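Here is a short briefing for a first look. Keep the sequence and the model side by side as you read.

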Amino acid sequence: MNTQLAGTGALLRLALRRDRVMAPVWILVVAMLVLSLPGSLESVYGTAAERERLLATMTANGSLRALYGPVFGDSIGALTAWRGGVFAGLLAGVMSLVIVVRHTREEEESGRQELLSAAMVGRRAPLTAALLAALTANAAAALLVTAGLAGRGAAGALALGLGIGATGMLFAALAATAAQLTESARLAKGLTGAFIGAAFVLRAAGDAGAPDGGSALTWISPLGWLEHVRAFAAERWWVLALFAAASAAQLVAAYALAARRDVGMSFLPARPGPARGRLGSAGALAWRLQRGALLGWSLGFLAAGVVFGGMTDGATELVGDNARTREIIERMGGQAGQAGQGVLADAFLATMAGMLAMVAALYIVSAVLRLSAEESGQRAEPLLANAVGRLRWAGGHLAVAFGGSALILLLAGLGLGIGHGEDIGGAVAATLGQLPAVWVIGALAALLHGAVPRFAVAAWAVAGAALALGWVGPALNLPQAVLDLSPFAHLPKLPGGQDPSWAPFVALTALAAALLAAALTALRRRDLAA
């Protein structure tokens with residue numbers, strides 16, 4: 001056996017064991033995003049005439065094409081690929097970058113990789129094991145999608161499944177390269193996440209200007225390649241070769257870079273000190289550590305708000321007189337049973353505000369769990385050995401997390417109002433009105449870190465479950481008791497014609513405060529993680 005790969009099998013088993021909870025959750029989210037669509041689409045566009053009208057509307061509606069891409073066929077399978085393919089590929093990419101960076105750069109940051117390398121472990125074994133773990137997860141997601149859609153057409157189901165899996169592996173290879181270049185897991189994730197975001201923006205810009213998806217910008221983006229596989233619509237199998245070639249090129253680069261550096265080192269090292277500016281408090285340090293991520297989220301939410309606000313008129317046009325689609329949007333927007341085009345526009349804006357708030361829950365979880373990263377990376381202990389208490393240290397990061405979530409929702413509301421061109425104040429109120437639910441999820445993440453730090457990563461599952469319930473729950477007509485498991489279900493949906501009650505806002509804010517108090521109490525009483 002090649003000594004460079006010695007120990008790969010053992011490291012792969014270790015990686016799969018460590019991911020035994022996280023990976024299945026990601027796989028199910030990716031697969032269910034697609035598999036939940038055929039039934040709801042069939043109920044909305046059950047006749048050939050309705051599907052033909054949808055195709056005609058999408059061809060003329062650039063704003064909706066920017067979000068979902070062009071429609072290449074009028075079968076339920078083709079509509080499923082249109083509606084969920086790009087988003088499933090996006091989630092598969094995020095899943096892949098998390099897995100690869102976790103088992104490469106994070107292991108080096110924590111010092112565990114150096115201990116493993118002292119045994120009979122080849123130089124390329126850790127990277128290979130991480131990529132194989134990502135391959136296993138993407139293959140499982142592809143298999144679930146293919147099996148779940150096989151009844152709609154075996155060829156189309158296989159094409160969509162392979163396309164989603166190939167997209168995930170391309171971003172896994174990109175994450176492997178980023179892990180060699182950067183000096184921290186945070187930067188590796190940020191760099192790969194920026195590429196994923198750029199891929200989505202390029203595809204959106206290309207599809208907005210070309211009804212057939214033939215724009216050069218679309219072809220630059222891997223997410224554009226995914227839609228051009230054309231599952232259930234005269235499949236283009238040769239497009240999968242683009243994924244294979246791009247992934248191979250990234251893997252060659254990753255292995256070449258891995259062979260030229262020492263464990264823990266990188267090609268883009270951190271800048272040496274001294275740090276510029278004042279770092280006179282734990283809060284100032286937390287701000288310095290998290291300001292880059294907050295800036296990225298802020299710009300992304302402002303841009304997303306503008307895009308979604310500009311889609312409002314197009315969305316109401318797309319719904320038309322389709323009663324089932326109107327029912328879903330109005331249920332998600334909290335205005336079911338009301339009538340009128342203006343009500344539908346308000347319901348769509350309320351739906352987009354709710355979706356942006358659910359995504360903001362991912363930001364607050366990542367910002368709160370920076371505490372876990374600082375602690376496990378043994379950067380907190382030297383800080384706390386000085387005249388800095390645990391509550392001050394944690395309070396700085398929590399202030400950035402909770403204040404940052406308010407900032408990005410404020411910017412999202414501004415974007416919605418600017419994009420829609422009407423009632424900016426109402427749009428801001430709609431997004432900020434979801435803030436107590438975001439804070440509850442952030443407080444749960446803080447409690448997990450404070451009380452059971454080994455399971456702090458479970459906060460991602462909480463945020464993901466809330467996102468899944470809000471995204472597909474109304475479309476699947478889930479019982480209200482199930483939807484109420486999400487804190488977002490208890491808040492009034494704005495904008496709306498009725499004055500909202502203040503009770504849910506106060507109750508959720510009080511719950512978040514109580515959870516935070518419990519989190520800080522638990523953190524103060526336990527030992528630091530070794």
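**Salt bridges, a helix face and a surface patch**

Arg 18 counts as partly exposed, because its relative accessibility is 27%. This is a predicted model.

**Arg 18 and Glu 107**

- The side chain of Arg 18 meets that of Glu 107 in a salt bridge, at 2.8 Å from N to O.
- Arg 18 lies in helix H1 (residues 8-18) and Glu 107 in helix H7 (residues 105-110), so this pair ties together parts that are 89 residues apart in sequence.
- Glu 107 has a relative accessible area of 5%, so it is buried.
- Arg 18, in contrast, is partly exposed.

**Arg 102 and Asp 19**

- A salt bridge joins the side chains of Arg 102 and Asp 19, with 2.5 Å from N to O.
- This pair links distant parts of the chain, 83 residues apart.
- Arg 102 sits in helix H6 (residues 76-102), while Asp 19 sits in the loop between H1 and H2.
- Arg 102 counts as buried, because its relative accessibility is 16%.
- Asp 19 is buried too, with a relative accessible area of 2%.

- The side chains of Arg 203 and Glu 227 form a salt bridge of 3.8 Å, N to O.
- Here, too, distant parts of the chain are linked: Arg 203 is in helix H11 (residues 185-209) and Glu 227 in helix H13 (residues 222-228), 24 residues apart.
- Arg 203 has 0% relative accessibility, so it counts as buried.
- Glu 227 counts as buried as well, at 10% relative accessibility.
- Arg 203, Asp 207 and Glu 227 belong to one network, joined by salt bridges that share partners.

**Helix H4**

- Helix H4 covers residues 48-60, which makes 13 residues.
- From its first C-alpha to its last, H4 reaches 19 Å, close to the 18 Å expected at 1.5 Å a residue.
- Which residues of H4 are buried? They are Arg 51, Leu 54, Thr 57 and Met 58.
- Seen down the axis of H4, these buried residues fall within an arc of 120°, so they line one face of the helix.
- Glu 52 and Ala 60 are exposed on the other side of H4.

**Ala 23**

- Ala 23 has its place in helix H2 (residues 22-35).
- Is Ala 23 buried or exposed? Ala 23 counts as buried, because its relative accessibility is 12%, and buried means under 20%.
- The C-alpha atoms of Ala 23 and Ala 137 are separated by 6.6 Å, although the two residues are 114 residues apart along the chain.

**Nonpolar surface patch**

- A nonpolar patch on the surface is formed by Leu 302, Val 306, Leu 407, Leu 410, Leu 414, Ile 418, Ile 424 and Leu 432.
- Together these residues have about 560 Å² of accessible area.
- Helix H15 (282-310), helix H21 (390-420) and helix H22 (424-432) are the elements that give two or more residues to the patch.
- Which element gives the most to the patch? H21 does, with 4 residues.
- Leu 432, one of the patch residues, is found in helix H22.
- Leu 432 has a relative accessible area of 31%, so it is partly exposed.

How values were computed: Residues numbered from 1 in each chain as written. Predicted model: local features only at pLDDT ≥ 70, side-chain atom pairs only at ≥ 80, totals over all residues. Heavy atoms only, no water. Buried < 20%, exposed > 50% of the residue type's maximum accessible area, 1.4 Å probe, protein only. Expected span 1.5 Å × (residues − 1). Arc of directions from axis to C-beta. Salt bridge = Lys/Arg side-chain N within 4 Å of Asp/Glu carboxyl O. Patch = residues over 30% accessible without salt bridge, like charges linked within 9 Å, V, L, I, M, F, W, Y side chains within 5 Å. Areas by Shrake-Rupley, 256 points an atom, 1.4 Å probe, with all protein chains shown as cover.
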